[in-house]
Amino acid sequence: DYYLKNGQFNDAENLLERNLFLREKRFGMQSKEVLATTNQLAKLNLIKGDFTVSDKLIRKSLDISAKTFGDSSIRYTESIRLQIEQLKKVGEIAKA
């Protein structure tokens, strides 16, 4: 959060990517820890406007949340919200 609040997106991204790597090794690919970090990385890339990367991460988030918690879980709903946020941002850019 510190790096995001101060606009240090590259530093934030580097830390989140390292965190994701470590969490995947420790908790496995289908864990709430990996899901949380994946969502943070997706949000960061939405802020940066890197929709190719955010789309990949959102799809990963949807997969993890559906397989681990079910498609009626709050975690799956959070992943859907990220997808909606991305669609809105992409739509706004397309209108410009």
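Tyr2 counts as exposed because its relative accessibility is 57%; exposed means over 50% relative accessible area, buried under 20% and partly exposed in between, with a 1.4 Å probe and protein chains only.

Before I go on: this is a predicted model, where local features need pLDDT of at least 70 and side-chain atom pairs count only at pLDDT 80 or more, while totals for chains, interfaces and linings use all residues. Residues are numbered from 1 along each chain as its sequence is written, and side-chain values use heavy atoms, leaving out hydrogens and water.

Tyr2 sits in helix H1, residues 2-5. Helices here are DSSP runs of H or I with at least four residues, numbered from the N terminus.

Now the salt bridges. The term means a side-chain nitrogen of Lys or Arg within 4 Å of a carboxyl oxygen of Asp or Glu. How many salt bridges does this rule give? The count is four.

One of them joins the side chains of Glu24 and Lys60, at 2.5 Å from N to O. Glu24 is in helix H2 and Lys60 in helix H4 (residues 51-69), so this pair ties together parts 36 residues apart in sequence. Lys60 is partly exposed, at 22% relative accessibility.

Another pairs Arg59 with Asp55, at 2.9 Å. Both residues lie in helix H4, four residues apart, about one turn of the helix. Arg59 is exposed at 52%, and Asp55 is partly exposed at 25%.

Asp63 and Lys67 also form a salt bridge, with their closest N and O atoms 3.2 Å apart. Asp63 is partly exposed at 31%, whereas Lys67 is exposed at 60%.

Terms used:
Helix = DSSP H or I, 4+ residues; strand = E, 2+ residues; numbered from the N terminus.
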